[in-house]
Amino acid sequence: MSSSTTAKRIVFTGGSGKAGRHCIPYLLSQGHSVLNVDLVPLPHPTVHTLRADLTDSGQVFNALSSHFHLSHYENPRNPNGIGVQKPDAVIHFAAYARNLLVPDSECFRGNVLSTYNVIEAACKLGIKKIIIASSETTYGVCFAQGDADYHTFPLEEDYDNDPEDTYATSKLCGERCARSFARRFPGTDIYALRIGNVIEPHEYEPDFPGYVERPETRKRNAWSYIDARDLGQICDLCVQRDGLGFQVFNATNDTITTKEPTAEILKRYAPNTPVTREMGEFEAPLSNRKIREVLGFKDVHNWRKYVTV
């Protein structure tokens, strides 16, 4: 295992979305260069958006072997006779972001096929670092019908994921594709991020007081969240850490989204769910312990900085 602090060339799919539009500026601040691949442009002066349908394998192969900017036509040819430099990493966030945006069959088709296409193209083009967006929903409660219980707390990466909804199932299929290709292409790192409820900076003031005052409404999100800017940090940490092969990481901030300690909330709102280890006083039930211990994640945007309780 190793960590490299050199600037990387990163293709980021879905960078115009809720998470991507905060992750890309963070990556740029760390010295990386980024090509955004999306259906709508990212309003950023230095980032080009390449419009592509990721369910079309040919378009994906072309997008991952593309110039990052028109100015790159000025680059000298390389020994292969072209001036395109191979990306160092691909971060794949593009997807239907939840159920009921499109019919279930299209949600499944689009999410699974695009993820397969991105991983396949990256592997076959020799790109050694691939990061894909999985989801908190894979833990099976977020989009369950009616009131459902988690199997155990804390929710960690070795959990027996058994969701019943289409979106979460599509994300688990993406994880399986990642594991398969990591085995097929030794030396390729593919990290799947089970991303929590993404919070943008402007959402704290109007939304978080309700989360804090009505904790019963946050069971489906396991009383956990990820600040979109801290998700950018996680993407950078994944890009920099090499040699882990296939990995799954929960991508959440450190603390529970309540005033009361974690043990009190779980006893009150999830009394039938066993707790399998001692948890921190305010530890998020969707635990980020692995990403802290393995990648060195530091919680910068704790919700208590922005919300008075």
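Buried means under 20% relative accessible area, exposed over 50% and partly exposed in between, using a 1.4 Å probe and protein chains only. Helices here are DSSP runs of H or I with at least four residues, strands are runs of E with at least two, and both are numbered from the N terminus. Keep in mind that this is a predicted model: local features need pLDDT of at least 70, side-chain atom pairs count only at pLDDT 80 or more, and totals for chains, interfaces and linings use all residues. Residues are numbered from 1 along each chain as its sequence is written, and side-chain values use heavy atoms, with hydrogens and water left out.

View 1. Helix α1 runs over residues 20–29, and its buried residues are Gly 20, His 22, Cys 23, Ile 24 and Leu 27. Look just past the end of α1 and you'll find Gly 31, with a positive phi of about 95°.

**View 2. His 67 in its loop.** You'll spot His 67 in the loop between α2 (57–63) and β5. His 67 has a relative accessible area of 16%, so it counts as buried. Skipping neighbours within four places in sequence, its contacts (heavy atoms within 4.5 Å) are Leu 35, His 72, Tyr 73, Gly 83 and Val 84. Val 84 sits 17 residues away along the chain, yet the two C-alpha atoms are separated by 5.7 Å.

**View 3. Glu 120 on helix α3.** Glu 120 belongs to helix α3, residues 104–124. With a relative accessible area of 12%, Glu 120 is buried too. Apart from neighbours within four places in sequence, Glu 120 touches Ser 57, Phe 61 and Phe 181.
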